[in-house]
Amino acid sequence: QPQSDLGWLATRAAEIARSSCAPVPQHGGQPRCLFQPQGGVGYPGQFTRDFSLTLLNSPPSAFNLSAAVWATEQILAHQRADGLLPDMLATDPQTHHIVPSYFGVGTLPCLYPSAAAAPNMPLPRPGCCPNACNATGSDSAQFATFNVIGLALRMERADAAAFVRRHFGALSRALAQVPRHPVTGLVWSDATNPRIGYGFQDTVALTGAQSYASLLMYE
């Protein structure tokens, strides 16, 4: 009975992961997917962190290798000139082009000067908002790296080497732009200009050493 339950859970988990596909029209080719944080309607975009957690922890049958590689390479293709990778990708409903966001559009009302906090928001917006925040997260570089390595492990040796080689420079630049404390090497958020990513950071501005991002960097 436990084995049959485990098999059912694995099958269902794969089904839910596959249902997170948000089709992206491709001119002259087959549709591709950005993978949302949920199956079906919800957050309309591929959040780098959520996609990585799903990709790397789902049963192997959940993601077609080609589809997962394409979705990962979209993250890298939208790298900013300073090395920053997007926290989120979404499809413009009019042009069908992929649009990057470097701080999770929609989750951070504090970044819009004209926006107001939701009436039931449990905490006020960070004091640095709306104009004095460094609107970038601190973990997209790490998760994109995990994706590339995880996908390479599913490839034949020669293909894996070429895949990692193709993206090594972009990942190196992305990891290098994450601010680190000069003594401890921990990922650092300057109190005078906090790095505000998505998640609960839209209500609490984390400053100082960031344990989660630092553990990811160490890994």
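## Helix α6

The buried residues of helix α6 (residues 211-218) are A213, S214, L216 and M217. Buried here means under 20% relative accessible area, exposed means over 50%, and partly exposed lies in between (1.4 Å probe, protein chains only). Helices are DSSP runs of H or I with at least four residues, strands are runs of E with at least two, and both are numbered from the N terminus.

The buried residues of α6 pack against α4 and α5, where contact means heavy atoms within 4.5 Å.

## Basis of the model

This is a predicted model, in which local features need pLDDT of at least 70 and side-chain atom pairs count only at pLDDT 80 or more, while totals for chains, interfaces and linings use all residues. Residues are numbered from 1 along each chain as its sequence is written, and side-chain values use heavy atoms, with hydrogens and water left out.

## The nonpolar core

A nonpolar core is a set of buried Ala, Val, Leu, Ile, Met, Phe, Trp, Tyr and Cys residues joined through side-chain atoms within 4.5 Å. The largest one has 35 residues, of which F35, F51, F63, L151 and F163 touch the most other members. At least two residues of this core come from each of α1 (2-18), β2 (32-35), α2, α3, α4, α5 and α6. Helix α3 gives the largest share, 7 residues.

Apart from its neighbours within four places in sequence, L151 is in contact with L55, L65, A68, V69, T72 and F163.

## Salt bridges

Side chains of opposite charge can pair when their charged atoms come close. A salt bridge is a side-chain nitrogen of Lys or Arg within 4 Å of a carboxyl oxygen of Asp or Glu, and the structure holds 4 of them. One joins D139 and R49 (2.9 Å, N to O). D139 lies in the loop between β5 (98-101) and α4 (140-152) and R49 in helix α2 (residues 48-57), so the pair ties together parts that are 90 residues apart in sequence. Both residues, D139 and R49, are buried.

Another salt bridge links E73 and R166 (3.1 Å, N to O). Because E73 belongs to helix α3 (residues 65-77) and R166 to helix α5 (residues 157-176), this pair ties together parts that are 93 residues apart in sequence. E73 is partly exposed, at 21% relative accessible area. D82 and R80 also form a salt bridge, with their closest N and O atoms 2.8 Å apart. D82 is partly exposed at 43%, and R80 is partly exposed at 33%.
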